[in-house]
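This briefing covers selected helix, strand and side-chain features of one protein structure. Please consult the sequence and the coordinates alongside the text.

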Amino acid sequence: VCECGEQLWQHNRTNNRWEPAWYIKRKLKGFFRYLILDEVHEEKSASSAQANAAGALISACRYTIALTGTLIGGYAEHLRPLLFRLAPAAVVAEGFEWDNPLPFSEKYGRIETRVTTSGSGGGNDNVMSRGRTSKSTSRNVRPGIVPTLVRHLIGNTVFLSLADVAENMPDLEETLVPVAMDPGMALHYKAMEQALTAAVRQAFNAGAKKMLGPMLNGLLNWPDHPHGWADFGYIGEGGQFHHVYTPHNYVESDSHIWPKEQALIDLVKKERAEGRQVWIYVQLTDKHDMAARLQRLLQIEGLRVEVLRSTVEPAKREAWITKHCQGADVCISHPKLVET
């Protein structure tokens, strides 16, 4: 009983968890001499939880070795947060601030400045004498990097090729194999391409990018799985859906194999005949489950197929692969599930 009338509180351990990076920064600063960060370009964000965790670990360790094969993705801003976390002295000396990203892109990247002028009245003379005019300016970061950005890398970066990292590396040959569409599919694709491209141009002229995502999604993915697509469009003001195009949907059948699917089947059978296993990466694994369709088509050909799904926890995926894929002819997954 609390005589003062206040609520009684008691500590419990139901949520007694610590973020490892936060704990190391607060309680173990200086304990670890080296921090090794692989695929450091994944930490290029200035605000994501993963990038902040990396920053906490960097501040807690004396030395950091950051590794990546893709340092910059086309924007100077991709490097700015990494420089502030890994080698801040030079960027601070130039006067750059963490909370003000634009000056860095102005010096080392590319900025698009758009000036929009609108006026009322009858012509330019009228606007200058009696009418009203308004002007708005917008500045946006665009892809592009100035070569002098290397000044922030040259003193603390080692550039290596694979041959420098290890001897006797296996040969890697990447080959693009073009496959022509089915004639009927090509006609439907061309019609969709024209309609969606026109919609994107119209939206861009109005200063909007509403249709860019649907266009890219449709034109990149419809040929791989031309079944079960909904209408293309965008959500406007008030939450109303604006219809743009209705794609042609074929009836999905395992007995009808598209040319690209047949080319893949032929490749897998050739590799199996030569004693090699094939890993297939697919990006359509949600609404349009390309992995399931490929699994069925390959199994019909007598191939042993396993599919790695996102339901397998990251920490258990290596063990899952060891258990399920050793005896398989083909393994299928989204590429993100097996990246380093």
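The model is predicted: local features need pLDDT of at least 70, side-chain atom pairs count only at pLDDT 80 or more, and totals for chains, interfaces and linings use all residues. Residues are numbered from 1 along each chain as its sequence is written, and side-chain values use heavy atoms, with hydrogens and water left out. Helices (H or I, at least four residues) and strands (E, at least two) are DSSP runs, numbered from the N terminus.

**Helix α2**

- Helix α2 comprises 12 residues, 49-60, and spans 17 Å from its first C-alpha to its last, close to the expected 16 Å (1.5 Å times one less than the number of residues).
- Its buried residues are Ala 51, Ala 54, Gly 55, Ala 56, Leu 57, Ile 58 and Ala 60 (buried means under 20% relative accessible area, exposed over 50%, partly exposed in between, with a 1.4 Å probe and protein chains only).

**Aromatic rings**

- The whole structure contains 10 aromatic pairs (rings of Phe, Tyr and Trp, the last by its six-membered ring, with centres within 6.5 Å; planes under 30 degrees apart are stacked, over 60 edge-to-face, the rest tilted).
- Trp 222 and Tyr 250 form a tilted pair, with 6.4 Å between centres and 40° between planes.
- Trp 222 belongs to the loop between α9 (212-221) and β5 (232-235), and Tyr 250 to the loop between β6 (241-245) and α10 (259-273), so the pair ties together parts 28 residues apart in sequence.
- Trp 222 is buried at 1% relative accessible area, whereas Tyr 250 is partly exposed at 21%.
- One aromatic cluster is formed by Tyr 189, Trp 222, Tyr 250 and Trp 258.

**Strand β7**

- Strand β7 (residues 278-281) has Val 278 and Ile 280 on its covered face, with Trp 279 and Tyr 281 on the uncovered one.
- β7 runs parallel to β9 (residues 330-333), joined by 4 bridges (strands pair if DSSP finds at least two bridges between them).
- Val 278 has Val 330 of β9 as its bridge partner.

**Glu 252**

- Glu 252 lies in the loop between β6 and α10 and is partly exposed, at 37% relative accessibility.
- Excluding residues up to four places away in sequence, Glu 252 touches His 225, His 227, Arg 293 and Arg 296 (contact means heavy atoms within 4.5 Å).
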